Amino acid sequence: MVRLTAALAFALAAGAAPAADRVARPALEIERPGRCVEATDLMRRDHMKFLLHQRDRTMREGVRTKQHSLAECVECHASTKTGSVLGEQGFCQSCHSYAGVKLDCFECHAAKRAPAAAKAQP
Amino acid sequence: MATLIHRELSASGLRFWVPLLAVGAAIALGFAAFVHMETNGHFVTGMDNQVVWGIPHVVAVFFIVAASGALNVASVASVFGRVAYKPHAPLSALVALALLAGGLVILAADLGRPDRLVVAMTHFNFKSIFALNMFLYSGFFAIVGAYLWFMMERRMNRFSGAAGLAAFVWRIVLTTGTGSIFGFLVAREAFDSALLGPSFVVYSLAYGTALFLVALDLAWRWDGRAAEAETLARLGRLLAILVAASLYMTAAFHLTKLYMTRYHGIEAFLLAQGGIYTALFWLGQVGVGGVLPLVLLYSPRTGATRGGVIAAAVLVALGGLAQMYVTIVGAQAWPQPIFPGWQESSTFFDGEIHAYAPSAAEIALSLGGVALAAALIAVGLKVLCFLPDPCTASSSPPPTSPPARPR
Amino acid sequence: MNDPGRRGFLGTAAAALAGIAIAPGIRLIDLAGARPPELAASGKVRWGLLIDTAKCATGCTDCVTACNTEHGLQDTGRPRTDAQWIRKIDLKDLRSGRQHSAPVMCQHCAEPPCVDVCPTGASFKRADGIVLVDKHTCIGCRYCVMACPYKARSFIHENLTGQKPEVPRGKGTVEGCTLCVHKIDRGDGNTACAEACKAAGHEAIVFGDLNDPQSAVSRRLREIPSRQLRGDLRLDTGVRYSGV
């Protein structure tokens, strides 16, 4: 019984220790100057809640405020190199891969910022 | 009459594991098909924007409808007081639960976003008969589960009558709902009918009784026991009446639509010019599923024999699959009449008959669901006591092996 | 006419008259584009289309091309499974042989069967009458495709990339004409198909607010006879057709 407990404890410790090194840390490069729409620690915890609430308001009611708009997030956070929030160094994907949380948004939503020509329209 | 005793399946070792592994392989294949469809999208199937519900839906709806009817044997015992069916009531409930589970798994696996099942169970549009059916299916599992427990737990036996009645009413509502999934649709000329709900109720009784007979026969063979002639004869006579009633519902449905001029196009398509649909209707639904079983069941030479009754049951099941194919796929093959009276053509296949060729993926998925239902019945038989002990169950002479000790 | 006073007066009067003539148009455009982002869509408005098939040229598919381009619909080479939000239906009267053509898209019914049947409520009608699919809740069951009398909906059969930011679309969900909801909300005041038809010189498609008696579509509906497609179904469609 004692040996079993010791073996289990050892296995747990061995498993936990190098975990952080096995998975690449997220690449959180903020390329655009200025602040995010909400505080950083608030965003880290609750960005999904803002998006969840906003998506219903936009979809069902047609409210298109930019504060919590996903398209605006992409606009700001898309990498300047790839133009996307996906990819190994992508702002959204690298953190989601690290946290092991499925990223469903970009099955449908564009992961790249809008092309410059389209943005020029009034 | 002696106390009713049930036993577990006696098959063990290879005799138990080989069929179970075979069924397991079919489930694995079905799962592989599901992963393939999920990863790549539905373009790998034969379904397209013209025929959105194909073989998976045909098999799933057949199983869901049959599940409701498979409970009929138990209902006849508990609700209508036919004591002779009582020994088979628990198995009837098991078959019902397994068929429903198999059918629902096929439907869930075919969804475009099966990862959103939780969404489907938390967001309900109560005007949708589909959403209402989801409640009815969940309720069916709960009520029949309780019913089964009451039947198998001696201390709860006195509640099995009430549970049986609840289950009976519930499944009439459930099957009417399933038929109405189609009947409520005004868009399809083959649907748009109040008769579809009640028709499905009658079909369910026939298909359920047929599949129950097949399951019972396989269980006897697997257990290595003799068939119960009395049971076969009774269920065979019941099946014949239900098949006749099904033919009546089919006739009423089509004769009504034939009378109405605006439906002449769709009726001519289904009954005469529809190629595969016409063949499946007359040869499958009416012939193999209706006339032939009636001949087998009423003919003196075959009517009361094991071979005759089980063959009739298998034919009824095949006819049921044909009926579902004609009902579900045939309705989609016929285009929506957006401009009635005009000939339509477009890049979106308006105004033309829509072809459908099932792919290997959707056939494998469907067979996986069938195998799952079979596996659930097999495991249930082995683990719990569903098989009536021959000494106490019927008036047939007992087998030579000694009776089990009553618990 | 050398009198600067008179010239000035005539100039001012001409400018005033021109202003009065254009002003209603400006006011309408203002109204259509005026909804600020924080305001929800209103039930006071009901968006709709009038399609005058007398002006619709057989063989012309400008509306289809415009819609596909606007929404990022791609040709995968699999026409049976590719999405089509709008298509031209070529019609022939069997008795007379007379031929006709009409673009058909989601009819944005006031009593949509697709909304009735959707199990999760993903298919819904917005306050301003536009019938949409909330792809966050769509489970891809395709019951709405079974239920639509106009074959308006398409199911997405493959993985998609390169979506337009204003038009999210994804595998395993169902979609259809959105009446260019992103353009309407942005204040463009018109749908892509109507704009393209106008640019081609046909003006067969007129967009506008059915609840506003002075809108272009309402005025035209008073001028020419029109009907709903499958009016017998009593769905009160937002798209009306003339000449067929």
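How many other C-beta atoms lie within 10 Å of C:Arg230? The count is 20, and C:Arg230 is therefore buried. Here a residue is buried if 20 or more other C-beta atoms lie within 10 Å of its own, exposed if 12 or fewer, and partly exposed in between, with C-beta atoms placed from the backbone.

The structure is a predicted model, in which local features need pLDDT of at least 70 and side-chain atom pairs count only at pLDDT 80 or more, while totals for chains, interfaces and linings use all residues. Residues are numbered from 1 along each chain as its sequence is written, and chains are lettered from A and ligands numbered from 1 in the order in which they are written. The predictor assigns the complex an ipTM of 0.92 and a pTM of 0.90. For chain C, the average pLDDT (the predictor's confidence in each residue, from 0 to 100) is 91. In that chain, 88% of the residues score at least 70. Residues 25-30 of chain C stay under 50 in pLDDT. For this stretch the model has 2 contacts beyond four places in sequence. Two residues are in contact if their C-beta atoms, placed from the backbone, lie within 7 Å.

Chain A contains 6 helices and 0 strands. Helices (H or I, at least four residues) and strands (E, at least two) are DSSP runs, numbered from the N terminus. Buried residues make up 20% of the 122 residues of chain A. Among the contacts in chain A with a separation of 6 or more, 48% come from residues 24 or more positions apart. Helix H4 of chain A spans residues 70-77, and A:Leu70, A:Cys73 and A:Val74 are buried in it. Viewed down the axis of H4(A), the buried residues fall within an arc of 95 degrees, so they line one face of the helix. The arc is that of the directions from the helix axis to the C-beta atoms. The buried residues of H4(A) pack against H3 of chain A.

Chain A also meets chain C. In this interface, 15 residues of chain A are in contact with 17 residues of chain C. Helix H3 (residues 40-61) of chain A supplies the largest share of the chain A side, 4 residues. That side has 6 nonpolar, 3 polar and 6 charged residues. Ala, Val, Leu, Ile, Met, Phe, Trp, Tyr, Cys and Pro count as nonpolar, Asp, Glu, Lys and Arg as charged, and the others, Gly among them, as polar.

Chain B touches chain C as well. Here 37 residues of chain B are in contact with 47 residues of chain C. Helix H5 (117-122), helix H6 (129-152) and E2 of chain B each give two or more residues to the chain B side. E2(B) gives the most, with 4 residues. By class, the chain B side divides into 16 nonpolar, 14 polar and 7 charged residues.

E2(B) also takes part in a sheet with chain C. The 3 strands form an open sheet in the order E2(B)-E2(C)-E3(C), with antiparallel pairing. Two strands pair if DSSP finds at least two bridges between them. Strand E2 (342-345) of chain B and strand E3 (99-105) of chain C are the edge strands, each pairing on one side only. Neighbouring strands are turned by 30 degrees against each other on average, direction ignored. Axes are lines fitted to C-alpha atoms, for helices over the stretch in contact, and angles run from 0 to 180 degrees between N-to-C directions. Helix H2 (residues 62-71) of chain C packs on the sheet and touches E2 and E3 of chain C. The direction of this helix makes about 160 degrees with that of E2(C).

E2(B) and E2(C) are joined by 4 bridges. B:Gln343 stands opposite C:Lys92. C:Lys92 also stands opposite C:Gln99 in E3(C). Strand E2 (residues 86-93) of chain C is joined to E3(C) by 7 bridges. C:Lys88 stands opposite C:Pro103. The hairpin of E2(C) and E3(C) has 5 residues between the strands, and C:Gly97 there takes a positive phi near 80 degrees.

Most residues other than glycine have a negative phi. C:His108 has a positive phi, near 45 degrees. C:His108 lies in the loop between E3 and helix H3 (113-117) of chain C. With 28 C-beta neighbours inside 10 Å, C:His108 counts as buried. C:Arg230 has a positive phi of about 50 degrees, although it is not a glycine. C:Arg230 is found in the loop between helix H7 (216-223) and strand E9 (239-242) of chain C.
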